[in-house]
Amino acid sequence: MRNYKLKYPIAFIILLGLFILSSCKKDTAPPAPIPTPGPTAYTWEDPLFFQQMIIPEDNPFTVEGIDLGRKLFYDNRLSADNTQACASCHLQENAFGDPNQFSTGIDGTEGNRQGMTLINLGYQFNYFWDARSETLEEQIIQPVINPIEMHTTWAEVMVKIKADQSYMEVFELIYATSDIDSIHVAKVIAQFLRTVVSSESKYDKWRKGEYEFTPSEFNGFQIFQKEGGDPELGQGGEWGGDCFHCHPLAGMQFSDYQLHNNGLDSVFTDLGRGEVTGDPDDYGRFKTPSLRNVEVSGPYMHDGRFTTLEEVVEHYNSGGNPSATIDPFMKYTTGGLQLSDQSKADLIAFLKTLTDITFLTDTAFSDPN
Ligand code: HEC
Ligand code: HEC
């Protein structure tokens, strides 16, 4: 009972304290800030078993940026005569690659390189077949001004973009300025492209325990990750395909993104990395492409010389063509891989488990117009 009595004074003191406090606040507290409009932060989550995406500090994801980047990726106004968008050469059903051997620019000029797939770009650290761009933002500046691609100037493009009020409203919301230039455009397109992620192939599902390989797919998987070459003929062979050395499973991208000469030619018509560095040791070296969605990304190699996966596998099976820079993992010195017809078929069955229908049909990546 004594306790009961005590409560009153305590409660009174607390109430008095609160009253004093709140009245003090009234006098000194600044007026509540008017909320300033700004972009909505977007939190990226890496798919299971993936490494951490490389997101530049000066280009964080925003909901509005990704959305605007997607619109710009599909916008013809990025070319001189308003006929070509990034998506004209990078088609979603082809894993954002070009189904033609060489891409054709707005003037009808053909390039000499095959349009690359755009898959999981946020996990890469160099861009183009010769790795001449180190960031995605830097890469995106290029096609617009390339004379055999969109063949315009950024000044011309910016006039068109600035005349579009619906674009400018979003740019101003994100960057709090109306002084928008090519860097801002490249940034939002890069944001969009970083979300263009493939992680739902049969292979991914198998890794997660949600899919069972057929015996052929499983055998192909084993060939993919076994050392190559006939043990009878020398050099540690186990009758595998030796694909994993340059197209590693770790990191889930099926590419080391390094530059190798995989033995396509003995005489080079395109020097690849050598054209960038001028170093003879780099002649004929090209960036290893990811093998994700390879079933739909042909034609294959930097010059699109192979139209089928059968031709590609036959190339590796032959061991490739010798040259001063051929990669030591190519088995030309030991008579090629010597895979049986069944093994070749199984290897291709495995490569097809990297097809991701969800990615190829995801409406979040498709033309918003
Ligand atoms: C005329 C066809 C064409 C157009 C238009 C085009 N590209 Fe490309 N893209 C290519 C070709 C060809 C390559 C490979 C060029 C090379 O390596 O020299 C490529 C390479 C790339 C790469 C490098 C991918 C990698 O894995 O290294 C990215 C990223 C890319 N393009 C994005 C874009 C964006 C963004 C646009 C629009 C601003 C665009 N492209 C417009 C044909 C095109
Ligand atoms: C020495 C490293 C190396 C090895 C080993 C290797 N690759 Fe490649 N792969 C590359 C490089 C580099 C390219 C691109 C070459 C070019 O275009 O000039 C490539 C391209 C490809 C392509 C074409 C992809 C595209 O989008 O154009 C396929 C498919 C492929 N490799 C599959 C395989 C298979 C299957 C094996 C095993 C039998 C294998 N690779 C072994 C380095 C290698």
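Helices here are DSSP runs of H or I with at least four residues, numbered from the N terminus. With that in hand, here are my notes on this predicted model.

1. **The shell around ligand 1.** Helix 4 is the top contributor to the shell around ligand 1, giving five residues. Helix 3, helix 4 and helix 7 each supply at least two residues of that shell. By class, the shell residues split into 16 nonpolar, eight polar and four charged. There are 28 residues around the ligand, and those that come nearest are Cys-86, Cys-89, His-90, Phe-128 and Lys-287.

2. **Oxygen atoms of the ligand.** A backbone N or O atom of Phe-128 is 2.7 Å from an oxygen atom of the ligand.

3. **Ser-199.** Is this residue buried or exposed? Ser-199 has a relative accessible area of 12%, which is under the 20% limit, so it counts as buried. It belongs to the loop that joins helix 7 (182-195) to helix 8 (202-207). Beyond its neighbours within four places in sequence, Ser-199 is in contact with Pro-47, Phe-50, Asp-204, Lys-208, Arg-292 and Asp-356.

4. **Aromatic pairs.** The structure holds 25 aromatic pairs. In one of them, Tyr-203 and Phe-221, the ring centres are 6.1 Å apart and the planes meet at 55 degrees, so the pair is tilted. Tyr-203 belongs to helix 8 and Phe-221 to helix 9 (residues 215-224), so this pair ties together parts 18 residues apart in sequence. Both Tyr-203 and Phe-221 are buried. They also belong to one aromatic cluster, together with Trp-206, Tyr-211, Phe-213, Phe-218, Phe-224, Phe-254 and Phe-350.

5. **Helix 11.** The buried residues of helix 11 (residues 309-318) are Leu-309, Val-312, Val-313, His-315 and Asn-317. Helix 12 (341-351) is part of what covers them. Just after helix 11 comes Gly-319, with a positive phi of about 95 degrees.

How values were computed:
Residues numbered from 1 in each chain as written. Chains lettered and ligands numbered in written order. Predicted model: local features only at pLDDT ≥ 70, side-chain atom pairs only at ≥ 80, totals over all residues. Heavy atoms only, no water. Buried < 20%, exposed > 50% of the residue type's maximum accessible area, 1.4 Å probe, protein only. Contact = heavy atoms within 4.5 Å. Near = heavy atom within 4 Å. Polar contact = N/O pair within 3.5 Å; in protein donor to acceptor, adjacent residues only side chain to side chain. Nonpolar A, V, L, I, M, F, W, Y, C, P; charged D, E, K, R; others polar. Phe/Tyr/Trp six-rings, centres within 6.5 Å; stacked < 30°, edge-to-face > 60°.
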